[in-house]
Amino acid sequence: MSDAVFCPRCGDPAPEGATGHTRRERALCNDCYFEDFDLVDRPDRVEVTVCAHCGAVERDNRWEDVGARDYTDVAIESVSEALGVHVDAEDVSWGVDPEQVDETTIRMHCQFSGVVRGEPRVEEFTVPVKIGRQTCQRCGRIAGDYYASVVQVRAVGDRTPTSEETGRAREIAEEITDSMEATGDRNAFVTEVSEKPEGLDLKLSDTKIGKNVARKLTEELGGAYDSSETLVTEDEDGNEVYRVTFAVRLPAFVPGDVIDLADDDGGPVLVRSVQGNLKGVRLTTGEPYEANHEVGDAPEARKLGTREDAAETTLVAVEDENAVQVLDPETYASVTVARPDYLDTDDAEVPVLKSRAGLHVLPS
Ligand SMILES: [Zn+2]
Ligand SMILES: [Zn+2]
């Protein structure tokens with residue numbers, strides 16, 4: 001006896017080539033088959049949870065930024081995902097039409113059509129969508145001033161970090177959090193930036209950001225950092241949370257400083273760079289100076305002034321290959337000074353720095 005000759009429900013002959021998911025369904029005649037047939041399997045309602053502050057949507061216990069201003073698109077997507085078209089249907093076409101009832105309710109009018117067992121089928125129905133407003137983890141943390149690391153930007157010795165240095169520290173923190181956000185890390189943000197008399201404090205949402213800021217800052221501006229951990233609390237899931245402090249010590253000297261090196265009679269040095277080790281130029285000769293590896297960016301020296309302290313003065317005469325005469329910018333007396341090789345003798349005026357070490361021509 002063949003399986004599919006008679007309908008097991010009503011006893012009528014089953015159609016030739018009947019479709020069905022199971023052997024029993026395949027055996028049913030069309031009337032019995034369509035009796036409890038749904039073209040579309042659908043939920044009674046769909047709930048969508050969004051963050052009331054940033055508009056992120058919760059999916060599978062994760063928050064995702066969708067960049068949607070209103071939630072119609074989100075509702076359409078959620079309803080579409082929740083609907084299942086019967087596997088036996090062919091030539092399926094469908095459309096949804098959202099009707100905004102109020103701020104948190106959307107009625108999704110859906111229309112589906114398809115061909116099943118050779119018969120065209122149409123189904124129209126409405127799925128209510130409820131928008132639930134909550135606060136995502138990121139917004140909750142921002143509102144609670146959450147932070148997991150602090151970068152303290154300080155300088156060695158008695159100087160305080162310059163505004164260029166603290167400005168760069170802020171920029172680096174923004175760059176790092178922006179690039180983490182761009183790769184989908186929602187919990188990367190700068191919690192707080194505070195100016196201190198001794199420098200700058202950056203509070204950051206993640207220890208990784210703190211470490212990257214400290215590393216990038218010292219790579220660019222020289223100096224070093226160390227880190228220390230303190231157990232502060234437990235997070236939402238009961239995990240222990242350590243807060244890590246990164247103490248950055250920027251070098252004693254910055255580019256533009258004029259320094260007098262200890263135990264050295266080569267004359268003052270204009271600092272050009274403190275990346276890795278201190279590099280500069282001798283103001284007496286114009287020759288390059290570079291601190292050795294052990295000394296790095298911290299040679300023993302005293303600061304004589306900075307490039308900003310320089311004054312333009314008249315180049316009076318060239319004496320020989322080692323000396324020129326300039327006007328002292330304070331006394332206007334003509335004085336003989338060292339002639340560095342960067343000095344252009346065609347210039348009528350040259351920048352000079354008057355310091356404890358005397359008068360020196362700076363590179364222009
Ligand atoms: Zn039947
Ligand atoms: Zn949010």
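Me: Which geometry does the site of the zinc ion (ligand 2) have, given the angles among its four donor atoms?
Reply: In this predicted model, local features need pLDDT of at least 70 and side-chain atom pairs count only at pLDDT 80 or more, whereas totals for chains, interfaces and linings use all residues. Residues are numbered from 1 along each chain as its sequence is written, chains are lettered from A and ligands numbered from 1 in the order in which they are written, and side-chain values use heavy atoms, with hydrogens and water left out. Donors are N, O and S atoms within 2.8 Å of the metal (3.2 Å for Na, K and Ca), and sites may look incomplete because water is not among the atoms. Four donors count as tetrahedral if all angles lie between 85 and 135 degrees, and with angles of 106 to 112° the site of the zinc ion (ligand 2) is tetrahedral.

Me: Which residues coordinate the zinc ion (ligand 2), and how are they spaced in sequence?
Reply: The donors are the SG atoms of C51, C54, C136 and C139, at 2.2 to 2.3 Å. Along the sequence, the spacing of these donor residues is C-x2-C-x81-C-x2-C.

Me: Is C139 buried or exposed?
Reply: Buried means under 20% relative accessible area, exposed over 50%, and partly exposed in between (1.4 Å probe, protein chains only). C139 has a relative accessible area of 13%, so this residue is buried.

Me: Which residues coordinate the zinc ion (ligand 1)?
Reply: The site of the zinc ion (ligand 1) is tetrahedral, with angles of 104 to 118° among its four donor atoms. At 2.3 Å, the coordinating SG atoms belong to C7, C10, C29 and C32.

Technical notes
Tetrahedral: all angles 85-135°; square planar, octahedral: opposite > 155°, others 65-115°.
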